[in-house]
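Please look over the sequence and the structure shown below, and keep both in view while you read.

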Amino acid sequence: MHEIIYFSSPGLAESSRLCLEFSGISWKNTTVTWDEYMLLKENGDLPWNLLPIIKTPQGIIAESSAILRYTGTLAGMEPEDLFQRAKVDEILDVMKGWWGCFTPTFSIEDLDDKIAARKKLFELGEPMDIAMTALSSMCRESGEGWIANTPSMSIVDIKAFTETFMLFSGQFDGLDSNTITKYPDLIKFHTRFSNIPEVKNYYSDVKEDQDQWVFKPNAFN
Ligand SMILES: N[C@@H](CCC(=O)N[C@@H](CS)C(=O)NCC(=O)O)C(=O)O
């Protein structure tokens, strides 16, 4: 049995949760509070003191990218072709840089300043606008409909879906659905992806007050 342990938010675990869902294997989604996280840390259960981790039959793996590649392989979403796999990794690395420019806003203490900083990131020509525009082009231009031009869905499609739309759930002050609806190609990508049966089914019981509402069909329509 595989078990992912993380907080209840989508965060760094959602892409792997979705991969496990696609894999068809039996798995457990364990969500923890901050106090439970601290306990895991104090008990030495976390290889690098951070979440997420995945418990596998052979032991624990930490680091979200490693977990994504592991669960993506279980789901058959790691391309076998070396070039295609490297392309997928290339785009994953680029995406990591995109979200990296968002991270410093977490340490802004004044709420108005935090909101202003986040809104600015999405203004024309600013880093997150550049990111959303680049992702829009990849969605528009992908031959087979998959972001890295793979013949079937890869882990980069999963990561693009979960890590883009989770930004607009309302959990991050300053960002809401009005920000993302400025990018129609991303809304098209959302509509297509959220209606894939496995995805639709996985989120079917999600309630409005859960951050995962953004992954349901029509979330932004
Ligand atoms: N590079 C790690 C980063 C993990 C990380 O920063 N996890 C955060 C939650 S998103 C955490 O465990 N925070 C607890 C803390 O800061 O003490 C990864 O990709 O898994």
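Asp185 is found in helix H9, where helices are DSSP runs of H or I with at least four residues, numbered from the N terminus. This is a predicted model, in which local features need pLDDT of at least 70 and side-chain atom pairs count only at pLDDT 80 or more, while totals for chains, interfaces and linings use all residues. Residues are numbered from 1 along each chain as its sequence is written, and side-chain values use heavy atoms, with hydrogens and water left out.

Is Asp185 buried or exposed? At 16% relative accessibility it counts as buried, since buried means under 20% relative accessible area, exposed over 50% and partly exposed in between, with a 1.4 Å probe and protein chains only. Leaving aside neighbours within four places in sequence, Asp185 is in contact (heavy atoms within 4.5 Å) with Ser136, Cys139 and Arg140.

Turning to the nonpolar residues, a nonpolar core is a set of buried Ala, Val, Leu, Ile, Met, Phe, Trp, Tyr and Cys residues joined through side-chain atoms within 4.5 Å. The largest such core has 48 residues, and Phe22, Phe122, Phe165, Leu167, Ile180 and Phe193 are those with the most contacts inside it. Domain 1 (2-74) and domain 2 (82-215) both give residues to this core, so it lies between them; the domain bounds come from an automatic or database domain assignment. Apart from this core lies another, of 15 residues, among them Ile5, Leu51, Ile53 and Ile54.

Within helix H5 (residues 111-121), the buried residues are Lys114, Arg118 and Leu121, and these pack against helix H6 (127-141).

Terms used:
Helix = DSSP H or I, 4+ residues; strand = E, 2+ residues; numbered from the N terminus.
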